[in-house]
Amino acid sequence: MFNPDNNQLKELISDNSNNEVLRIRADEVRRKYYGNRVFVRGLIEISNICKNDCYYCGIRKSNRNISRYRLTEEEIYSCCETGYNLGFRTFVLQGGEDLYFSDIVLCRIVNNIKNKYPDCAVTLSMGERSYESYKNLKSAGADRYLLRHETADNTHYSKLHPAGMSLENRKKCLYNLKSLGYQTGTGFMVGSPYQTVENIISDLRFMQEIQPEMIGIGVFIPHHDTPFRDYPHGSAELNIKLISIIRLMFPKALIPATTALGTVSPDGRERGIQAGCNVVMPNLSPLMFRKSYELYDNKICTGEESAQCIECLRKRVESVGYELDMSRGDYPDV
């Protein structure tokens, strides 16, 4: 396994002369474990209501200009039905930390989805919750949980989040998820304000500790209603290089080509796939709400019907020599 020391990592991150070599090697590794398959997850953005006030996020509590929404259970089930009929076998329920979604409510939703679609995986991305909450959701049928740590450095974390949020608790949540047997996902922003190369190395080392099954990294993109509105977006080139480094360090990981990467670079998702990504997450959310789930400015694919979106993705993926795989796409060792 590729395990460079900190000096080697710093050189790889800072020097662009080896980018193509990294990309080729990363693609070889992903093909070893996954061939040319790119797994599809159906994303359902169930609420843009959030109790947190993260400085980088468009749905932060303090944003008074956003139109808030919360999908009803019937709307969530309708999204799943649409996705299932299109061939999706993984549903990702993602939302802000909306207190309405108690264990009772969220467990009922997960259980109903699993009962109707027993051949499907359910992934949750609903933020920091207690050990007992994660345990209850696992018992209800949740298979995977996404919780990006965003940065593994305490000082950097405090510059991105208000007092009351802690990196210690975020890490504790991830360890709890791993201990409960979830396929666990984490990751970080690329090019967030105040980020240093040393911060990125800390992120990679933390992920070596946690050994996540899923790793999502996305370019920082400012939102006009946040304190970071005037900061530049992160580098697509650095994001793509880090995808290759992560693929080499975590050969079996499920790594998405993110919407953020496609937002800052027209062919960003395709280049991400060529650099080692093996997951895409088209949006199954109702069209009328998609523009309101705006974590950052200029998010792509907010106006496409689900069927239109998947066909667009299929063509993009095939154009660079890969093929969509609509199966559950579990981590190989599960």
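**Sheet edge and helix packing**

Strand 6 (residues 183-186) and strand 8 pair in the parallel sense, joined over two bridges. In this predicted model, Gly-185 finds its bridge partner in strand 8 at Met-214. Helix 4 (residues 103-116) packs on the sheet, where it touches strand 3 (90-95) and strand 4 (121-125). The direction of helix 4 makes about 155 degrees with that of strand 4.

Stepping back to the sheet as a whole, six strands form an open arrangement in the order 2-3-4-5-6-8, with parallel pairing. Strand 2 (42-47) and strand 8 (214-215) stand at the edges and have a single partner strand each, so one side of each is left without a neighbour in the sheet.

A helix pair comes next. For helix 1 (residues 6-14) and helix 8 (residues 197-210), the axes come within 10 Å and cross at roughly 120 degrees. As for handedness, helix 1 passes helix 8 in a right-handed crossing.

Which residues in helix 1 meet helix 8? On the helix 1 side, they are Asn-6, Leu-9, Lys-10, Ile-13 and Ser-14. These meet Val-197, Glu-198, Ile-200, Ile-201, Leu-204 and Arg-205 in helix 8. Taken together, the residues of this contact of helix 1 with helix 8 divide into six nonpolar, two polar and three charged.

How values were computed: Residues are numbered from 1 along each chain as its sequence is written. This is a predicted model: local features need pLDDT of at least 70, side-chain atom pairs count only at pLDDT 80 or more; totals for chains, interfaces and linings use all residues. Side-chain values use heavy atoms; hydrogens and water are left out. Axes are lines fitted to C-alpha atoms, for helices over the stretch in contact, and angles run from 0 to 180 degrees between N-to-C directions. Helices (H or I, at least four residues) and strands (E, at least two) are DSSP runs, numbered from the N terminus. A crossing is left-handed if the near helix is turned anticlockwise from the far one by less than a right angle, and right-handed if clockwise. Contact means heavy atoms within 4.5 Å. Ala, Val, Leu, Ile, Met, Phe, Trp, Tyr, Cys and Pro count as nonpolar, Asp, Glu, Lys and Arg as charged, and the others, Gly among them, as polar. Two strands pair if DSSP finds at least two bridges between them.
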